[in-house]
Amino acid sequence: MAEDLTITTSVNKTEQYISLIPQIEALLFGEPDLVANLANVAAALKEQFRWFWVGFYLVKNNELVLGPFQGPVACTRIGLGKGVCGAAWQRAQTLVVPDVEEFPGHIACSSLSRSEIVLPLFHDGEVVGVLDVDSSELAEFDEVDAKYLGEIVKLIKF
């Protein structure tokens, strides 16, 4: 198991993901504990990209409940369809939000968050959680992030 990351400082986002994904695979390899794996994925993403907030919410009793994350304190519970996370859960699809102020019903856990991407996590065809990433910059996320973060969340075993 690798416990050090090699941070790629390339300005090319694709190259950064291509370098990071095998390192995340190494972090997850042989580790069966979900919380440990979610924590390491959040830390690896935060360390590589320096985003404002990176973390997971897990479905528990028909709510998204805060899981492992990196960044400032966060909302603890989110209802189905509420905010970007709840909407991604309800729709079972990745949501890229260039300006969170323009997203209807956005939940402002921090006023410093300006853009967001949320990816659903699946187990046996059901959404069991989401990966939530926030940036302090507008329009930080795009189809490149959706593609590679999608590959990363598929590495997580529930």
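User: Which element gives the most to the lining of the largest pocket?

Analyst: In this predicted model, β5 gives the most to that lining, with four residues. The elements that give two or more residues to the lining are β5 and α4. Among the lining residues are Leu 119, Pro 120, Leu 121 and Phe 122, together with Gly 150, Val 153 and Lys 154. Ala 92, Gln 93, Thr 94, Ile 156 and Phe 158 also belong to the lining.

User: How much space lies in the largest pocket, and how do the residues of its lining divide by class?

Analyst: The space in the largest pocket is about 160 Å³. Its lining divides into eight nonpolar residues, three polar and one charged.

User: How many cavities of 30 Å³ or more are there, and which residues are the closest to the centre of the largest cavity?

Analyst: A cavity differs from a pocket in that a probe fits inside but cannot get out. The count here is one cavity of 30 Å³ or more, and the largest cavity holds about 200 Å³ of space. It is lined by 19 residues, of which Ile 107, Cys 109, Glu 116, Asp 132 and Asp 134 are the closest to its centre.

User: Which elements supply at least two residues of the lining of the largest cavity, and what classes does that lining have?

Analyst: β1, α3 (83-91) and β6 each supply at least two residues, and α3 gives the most, with three. By class, the lining of the largest cavity has 11 nonpolar, four polar and four charged residues.

User: How should I read the nonpolar core, and which residues of the largest one touch the most other members?

Analyst: The general idea is that in soluble globular proteins, nonpolar side chains tend to be buried together. In this model the largest nonpolar core has 28 residues, and Leu 45, Trp 51, Leu 131 and Leu 149 touch the most other members. At least two residues of this core come from each of α1 (13-28), α2 (34-49), β1 (53-60), β5 (115-123), β6 (126-135) and α4 (143-154). A second, separate core has 19 residues, including Ala 74, Ile 78, Val 84 and Val 100.

User: With which residues is Leu 131 in contact, leaving aside its neighbours within four places in sequence?

Analyst: The contacts of Leu 131 beyond those neighbours include Leu 45, Val 54, Phe 56, Ile 117 and Leu 119. Leu 121, Leu 149 and Val 153 are also among them.

User: What does the radius of gyration show about the chain?

Analyst: For 158 residues, a compact globule would have a radius of gyration near 15 Å, and the chain agrees with its 15 Å. The C-alpha atoms fill a box of roughly 40 × 35 × 25 Å along the principal axes. Of the 158 residues, 44% count as buried. Among contacts with a separation of 6 or more, 51% are between residues 24 or more positions apart.

User: In what order do the elements of the chain run from the N terminus on?

Analyst: The order is α-α-β-β-β-α-β-β-β-α, with four helices and six strands.

User: Is Asn 61 buried or exposed?

Analyst: Asn 61 is exposed, with a relative accessible area of 77%, and the cut-off for exposed is over 50%.

How values were computed. Residues numbered from 1 in each chain as written. Predicted model: local features only at pLDDT ≥ 70, side-chain atom pairs only at ≥ 80, totals over all residues. Heavy atoms only, no water. Core = buried A, V, L, I, M, F, W, Y, C linked by side-chain atoms within 4.5 Å. Buried < 20%, exposed > 50% of the residue type's maximum accessible area, 1.4 Å probe, protein only. Contact = heavy atoms within 4.5 Å. 1 Å grid on protein atoms, 1.4 Å probe; cavity = no way out; pocket = protein on both sides within 12 Å on 5 of 7 lines; lining within 4 Å. Points joined across faces, edges and corners; volume = space filled by probe spheres on them. Nonpolar A, V, L, I, M, F, W, Y, C, P; charged D, E, K, R; others polar. Rg over C-alpha atoms; globule rule 2.2 N^0.38 Å.
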